[in-house]
Amino acid sequence: MKIAKSINRLGTEAVYDIFAETKKLIKQGKKIIDLSLGQSDFKSPNHVVEAAIKALKDGHHGYTLPNGTVECREAVSRKIKNLYNANVGSERIVIMPGGKPTMSFAISFFGEPGGEIVYPDPGFPIYESMIKYTGAKAVPYNLTIKKDFSIDVDSIVSLINENTRLLIINNPHNPSGSLTDKSVIDKLAKGLANFPHVVILSDEIYDRLIFDKKEIPTFFNYPDLYDRLIVLNGWSKTYAMTGWRLGWGVWPENLVEHVFKFCVNNHSCVNTSAQYAAIAALDGPENHLNDMVKEFTERRKLMVDGLISLKGVKCSLPGGSFFAFPNVKDTGMNGEEFTKRCMKEAGVAVVPGTAFGKFGINNVRLNFATSRENISKAIEKIDKYLK
Ligand SMILES: Cc1ncc(COP(=O)(O)O)c(C=O)c1O
């Protein structure tokens with residue numbers, strides 16, 4: 001068998017190995033507190049679940065258009081108008097099986113040997129994986145604890161050259177939970193005016209999980225960039241719907257036909273009943289989301305206070321998402337050593353920072369979208385193993 005060389009360049013998400021190991025240990029009867037996978041312990045909202053059930057009962061089980069039903073795309077368009085006061089026609093919106101495909105499609109469209117793609121490190125691992133898969137040069141920009149992992153415009157701009165095809169921004173940020181303020185994104189958008197050949201992929205999947213009532217720093221604020229802006233978002237995090245596999249992308253007009261073809265070649269369409277649920281989520285009440293953000297605010301404090309009470313652990317306060325990304329260097333271990341011992345000696349599953357790039361070497365990621373009891377117990381157990 002001779003498989004394509006490019007397949008060997010694909011990376012992965014190490015979190016799935018930890019997830020599998022956790023499941024195995026639990027099956028063996030071990031008690032593990034799982035703070036690894038990026039999802040919330042909240043259930044999907046009831047009215048959303050009901051909408052999917054109703055759709056199936058009503059016989060909505062056929063294919064839809066590959067870019068999503070008109071109704072679902074119109075619901076996204078309405079939401080964008082309501083949330084960001086931006087006018088985005090439904091013809092530029094593509095419903096996807098999760099947020100992730102918008103990322104892999106976008107990187108596939110612009111990545112090829114000779115091209116360069118600029119992306120965050122630490123950052124969501126699929127950016128680097130897909131860039132390498134396409135044969136493009138992967139150009140990381142480093143987010144550091146010194147700046148609370150927020151974006152430094154000058155360092156990003158300094159990496160752009162005539163070969164740069166795509167710039168990836170993720171705000172709020174996984175794995176650090178950092179939130180880069182709108183004022184900084186304003187500056188970045190202004191700087192990008194000097195590089196009209198660079199397309200922007202703005203991964204805004206955590207944009208509704210922002211704490212302290214801060215403004216959403218969306219790229220929809222810059223209509224001048226719309227003809228080279230791809231926005232990735234979806235239902236997974238905002239509505240606690242990770243396993244539904246529902247996302248949306250907004251694309252420049254001239255790319256939509258290519259995205260459409262990719263959908264036809266790849267998955268034909270997104271699960272039909274899920275698209276009904278998607279509309280219910282967007283058009284329905286937001287109490288569930290508000291409750292989630294309120295609860296996550298408490299859990300964030302519990303998690304960060306707990307982490308900084310540990311010997312050798314430093315942690316900045318996440319501005320968004322549900323992740324804390326402490327630096328563990330002063331424990332005498334790097335992130336990978338810390339993670340292994342944490343699982344073995346404390347029974348707590350976390351993710352090493354290197355799962356998100358080489359600059360995450362001294363960090364680990366912990367998900368605080370779990371019960372307060374789990375967070376407190378996890379901190380207690382980690383404290384014990386560090387002593
Ligand atoms: C930064 C970031 N972008 C995109 C995604 C993909 O989301 P989805 O589960 O909707 O594919 C994730 C999921 O963890 C993420 O953390």
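A189 is partly exposed, because 19 other C-beta atoms lie within 10 Å of its own. On this scale a residue is buried if 20 or more other C-beta atoms lie within 10 Å of its own, exposed if 12 or fewer, and partly exposed in between, with C-beta atoms placed from the backbone. The model is predicted: local features need pLDDT of at least 70 and side-chain atom pairs count only at pLDDT 80 or more, while totals for chains, interfaces and linings use all residues. Residues are numbered from 1 along each chain as its sequence is written. A189 belongs to helix α7 (residues 182–192); helices (H or I, at least four residues) and strands (E, at least two) are DSSP runs, numbered from the N terminus. When its neighbours within four places in sequence are left aside, A189 is in contact with Y222 and L225, contact being defined by C-beta atoms, placed from the backbone, that lie within 7 Å. E21 is 168 residues from A189 along the chain, and the C-alpha atoms of A189 and E21 are separated by 42 Å.

The loop between β5 (164–170) and α7 contains P172, and P175 also lies in the loop between β5 and α7. N171 and P172 are joined by a cis peptide bond with omega of about -10°. A cis peptide bond also joins N174 and P175, with omega of about 15°.

An open sheet is formed by seven strands in the order β2-β8-β7-β6-β5-β3-β4, with mixed pairing. Two strands pair if DSSP finds at least two bridges between them. The edge strands, β2 (93–96) and β4 (137–142), each pair on one side only. Neighbouring strands of the sheet are turned against each other by 20° on average, direction ignored; axes are lines fitted to C-alpha atoms, for helices over the stretch in contact, and angles run from 0 to 180 degrees between N-to-C directions. β2 and strand β8 (residues 247–250) run antiparallel and are joined by four bridges. Within this pair, V94 stands opposite G249 in β8. Helix α3 (residues 70–84) lies across β2 and β8 and runs at about 115° to β2.

Two residues in loops of this region have positive phi without being glycine. In N85, phi is about 55°, and the residue is found in the loop between α3 and β2. N85 is exposed, because 9 other C-beta atoms lie within 10 Å. In R245, phi is near 60°, and R245 is placed in the loop between β7 (229–234) and β8. R245 counts as partly exposed because it has 19 C-beta neighbours inside 10 Å.

The chain is assigned to domain 1 (5–43 + 287–386) and domain 2 (46–283), with bounds that come from an automatic or database domain assignment. Taken over C-alpha atoms, the centres of domain 1 and domain 2 are separated by 24 Å. Contacts between the domains involve 35 residues of domain 1 and 33 residues of domain 2. On the side of domain 1 that touches domain 2, α10 (287–308) and β9 (323–324) each supply at least two residues. The largest share of this side, six residues, comes from α10. By class, the residues of this side are 14 nonpolar, 15 polar and six charged.

β9 also pairs with β12 in the antiparallel sense, over two bridges. A324 has L366 in β12 as its bridge partner. Strand β11 (residues 351–352) is likewise antiparallel to β12, over two bridges, and the bridge partner of P352 in β12 is V364. In strand β12 (residues 364–367), V364 and L366 point one way and R365 and N367 the other way, and all are buried. In a regular strand the side chains alternate between the two faces of the sheet.

Notes
Two residues are in contact if their C-beta atoms, placed from the backbone, lie within 7 Å. Ala, Val, Leu, Ile, Met, Phe, Trp, Tyr, Cys and Pro count as nonpolar, Asp, Glu, Lys and Arg as charged, and the others, Gly among them, as polar.
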